Amino acid sequence: DTGATGCRDCEQGRYCAKGASAPLPCDAGTYSDKTNLADASECTDASPGHFATAGSTQQTACREGSFANGTRNGACELCKEGHYQDKSAAAACVRCAAGKFCPQGSSRELDAQCKAGTYARLTDRDGDPECLDCPAGSSCAGGGAVPAVCSPGTAAKPAQGQCTVCGVGTYQPDSGAVGCLECAPGTLCPKGSSAELPASCPAGFYIGNASTTLKSLDDCIGCAPGSFCAGGAAQPTACAPGSIAPSGNMSACELCSIGHFAASNTACEECEAGTYAASEGLSQCTLCPHPLSSKNGNVTCSICKEGFYLQDASALPDDIFRFPTDYCKPCPPSAECSDNTALATIGVPAGYWRASPSSAVLTACRDFGGDRAGEARCAGNEHGAKQASRVLAGSDQYCAPGFKGPECQLCAAENHYLVDGDECKECAPRGAAAGRIAGIVLGLCVACGLTVWAYSMTAWRKKTFIGPLLRFADRSVKYYVGGGMTAKVKILFGFYQISTVLSSTYSARLPDKYTGWTDKLANTVSIDWSGLFLPQQCLGYNLRLLAIALSPVAFIALLMAAGISLRLYRWRAAPAPRARPWIAEAALGVLDLTPAGLVLIFCFVPSISASIFRAWSCQAYTVSPPDEPLRQVSYMRLDASVECGTDKHESITGLAIGFIVLWPAGSLVLFTSLLIACSKPLRAKSPNALTKATAFLHREYEKTWYWWEAVELARKLVLTGFVLLIPEERAFVRLVVATLVCSFYAVVLAVVRPYKRVEDNVLAVATGLVLLLLFLATNWTTIFLGIEERSSVEDADAVLGFDNLNGIVISMLVLVTVTLIFFLIGAVVSACGAKTDRIRLVSTNQPPELSIVLGLTWHLFNSHIWSTGQDAVKVIKGELQQLLPGIKIFLDVDDLEDIGALEEYIRRSQVILFFLSKGYFRSKNCLREIRSSLEMDKPIVLVQEADPEKGGGTLQALRGEC
């Protein structure tokens, strides 16, 4: 209203927006009984089974026979024909049960009693259905069913219970037809046709003559195998590649199944080995990708082809196919890998052995002195056998009958040993062998004693038979001493002792043609007395180690005892009073044979020490698969029946530790102690009995470096023995240590030059460098083989630049040869450029060693008269000092401090020179010097000045003065 003073409340079923002049009704399907609504969205939706007209204040339930589905319904719907609802407020209607009748809007199910050909449409006043005749073109099954319109190809007259199918020669294209139509001539109407068809054959058949109109299906011809007929007027079609028609009358070709291919139009065949078919309908199989292969009829490639092996037998076929190079690895060197070879079934040929079926490393069986004995012992598995029949061999099953152990080097029978690498013989009794060893030691002592005694018989050199031998020995000794051969022999022998342990100590695997002769030579000169009469496999390494370590001790002790006995025998035969007590005489007996003992220790120590340290020397064999952490099993090199790390091996190493104290450590302590004891006499150039007895240790060295023999021994012990304390699995670390030691030692040798002779220094440096090159070559070969075994030769070639071991060895041999030629030239140049203005001994062509008795000061005392001999003796002193550097000469103008102490000066001089000139025998002081020299029994040298113009005189005149 206009002019109103206030707003009215909104009415129920309506809403009033802000500023409304009249209430608006809620939309159909919603309602409201509130008077405070401001928007249509605030009206309440009618719930399922209810409806609400526009502006309703309440929702209304649907009556029976109707329903309201969902919300916001503005009206209810009647149940459609065939459905009913006997409850109000329903959200859906219920389907009529079979045999019941439900017209539209039914609130209950009615009994349907119409017969076939009629249908119920309405109800009469009693509520029963009224049955009417079924209309034409439809069928009525009776009961409560509604009329069903006939489909094309069928027809029905009024009051039919079911539609009639058009017969052959008739058709009906429409629905709800009363009858079927006749086919026109030249067309084909099979039973139930809905249209006139061109005259054609059914699928799998064809018209023999394509230009002929089909009059009857009897005129159709069946398709031949290898082709298909789609029917109608189509002619036969050959099967497409990858499909077949194995029989006639086929309406479609069949695809070849997976793993097969269409070899022809009529048959599929299995894919051959090395090919696969992963899908249907292939005309040819696909080659397997490198390096895979397959079996006949495989749908994928999941085995490795020839020349490769499957590393992980548990891998899934799909993984193998997708990552072939991750699973198929190149066949190990010398192994055989046929198709479908796995790691466990790798073919091991005769002459090879492997420690485990999980290892890809094959070890060439050594011959051990026989001709191809390794092939006889190591039979391998079935060479050339296929995977299905190859024996899955353990380590011993690679051995021929009668052999076992690593590389099949052990005899399977108890108390037997290996002969010539391929034959087993029974061991001899141990007692007899021990007796023979003791006999040999005694025999050697006796032989050495007889040889020394015979050589000392000067008169025998004129005898007919033994004389030529003794004279030849004299000449040999002369040339040996003159050429300074002791130092050279020691240098070369030390080089040999180190170079021959490359395989046993450093696990070097060089080609046999380069190292076979050195191994044989090393075995020949090794100090293993037990092996002479009792083979290695007949004597446990504990007993062998006892024999090796103690037999030289017994031999040296017998020599010392012989020296003592000989001295005491002479002492006892000498008349009384004797010059020395018996204990001093026995000590001299020890010193008599000390040189021989030192020579023996020098020869024995490296070999015996190596045998002791070889208690830790183990041959490692790989048992882990490639690309996994390295696992190895190790056996002692000198006793393959002992596995390293076991209790049995621990007992051997325990014994070896004791012998380390006796030989390596003991000999080094002995050499060092003797050299320390000789230190003062050698520095003072005052030799004594000990320095003479130990000359073998220091004679070849400069006095400054007299202790170098101990350093040399320590180097040999480290390189031949102590490095074996590094575990076998760290064998390469041994090579690194040896390379560093050789590098350092060669540099130090070149700097200090400890030897007296130039050629000895050159030879020592040369052999040191050659050793360094040998260890470098061994480093390279070890790295090469490690890469080859864990990866491939190609990777080794890429890293080192060599594709085989021979290339590495030959390169090193060339480098060694060049090094030796270089040092030979250097030695010749050094020898030619050496100073010659020195007094040299004829026997050695070297300057004499100037020694002086302990307590003396001068080598030579110049006795002369001042008036006529002063200038001459000064010249003599100067010339001698140039020709004999280091000589100490007494000359009064230089050394005389007290004329009253002439006798003391004479006493402190080693040799006295009397310079006879005019007036010499008339000098009182000169006569004092003569008298003192004679009383002290000093060696005397007489020099006469015969020229009267220089103060000299004839002997007759000089005698006249006397």
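**Exercise 1. The largest nonpolar core**

How many residues does the largest nonpolar core have, and which residues have the most contacts inside it?

Solution. The structure is a predicted model.
Step 1. Counting the members of the largest nonpolar core gives 41 residues. Those with the most contacts inside this core are I612, W616, W663 and L697.
Step 2. Assign the core to helices. At least two residues each come from α10 (541–573), α11 (582–613), α12 (647–662), α13 (664–677), α16 (695–698) and α17 (708–720). The helix that gives the most is α11, with nine residues.
Step 3. Take L697 as an example. Not counting residues up to four places away in sequence, L697 touches L598, F671, L674, L675, Y706 and E709.
Step 4. Look for a further core. Another one, of 23 residues, lies apart from the core above, and its members include I346, V348, C365 and V633.

**Exercise 2. A parallel sheet and its helices**

Give the strand order of the open sheet formed by four strands, identify its edges, and describe the helices that pack on it.

Solution. 
Step 1. The order is β46-β45-β47-β48, with parallel pairing.
Step 2. β46 (889–890) and β48 (940–944) each have a single partner strand and stand at the edges, so one side of each has no neighbour in the sheet.
Step 3. Strand β45 (residues 858–863) pairs with strand β47 (residues 909–916) in the parallel sense over five bridges. S863 has F914 in β47 as its bridge partner.
Step 4. Helix α22 (residues 866–883) packs on the sheet and touches β45, β46, β47 and β48. The direction of α22 makes about 135 degrees with that of β47.
Step 5. Helix α25 (residues 924–935) also packs on the sheet, touching β45, β47 and β48. The angle between the directions of α25 and β47 is about 140 degrees.

**Exercise 3. Backbone exceptions in loops**

Which peptide bond is cis at P291, and where are N249 and N340 placed?

Solution. 
Step 1. Most residues other than glycine have a negative phi, and most peptide bonds are trans.
Step 2. The bond from H290 to P291 is cis, with omega near 0 degrees. P291 is in the loop between β32 (286–287) and β33 (292–293).
Step 3. N249 has a positive phi, near 60 degrees, and is placed in the loop between β27 (243–244) and β28 (254–255). Its relative accessible area of 44% makes N249 partly exposed.
Step 4. N340 has a phi near 60 degrees, also a positive value, and is placed in the loop between β36 (328–330) and β37 (352–353). N340 is partly exposed, with a relative accessible area of 23%.

**Exercise 4. The surroundings of C285**

Is C285 buried or exposed, and which residues is C285 in contact with?

Solution. 
Step 1. C285 is in the loop between β31 (275–276) and β32.
Step 2. The relative accessible area of C285 is 18%. Buried means under 20%, so C285 is buried.
Step 3. Leaving aside neighbours within four places in sequence, C285 is in contact with F261, C271, T275, Y276 and A277.
Step 4. G259 is 26 residues from C285 in sequence, and the C-alpha to C-alpha distance is 8.1 Å.

How values were computed
Residues are numbered from 1 along each chain as its sequence is written. This is a predicted model: local features need pLDDT of at least 70, side-chain atom pairs count only at pLDDT 80 or more; totals for chains, interfaces and linings use all residues. Side-chain values use heavy atoms; hydrogens and water are left out. A nonpolar core is a set of buried Ala, Val, Leu, Ile, Met, Phe, Trp, Tyr and Cys residues joined through side-chain atoms within 4.5 Å. Buried means under 20% relative accessible area, exposed over 50%, partly exposed in between (1.4 Å probe, protein chains only). Contact means heavy atoms within 4.5 Å. Two strands pair if DSSP finds at least two bridges between them. Axes are lines fitted to C-alpha atoms, for helices over the stretch in contact, and angles run from 0 to 180 degrees between N-to-C directions.
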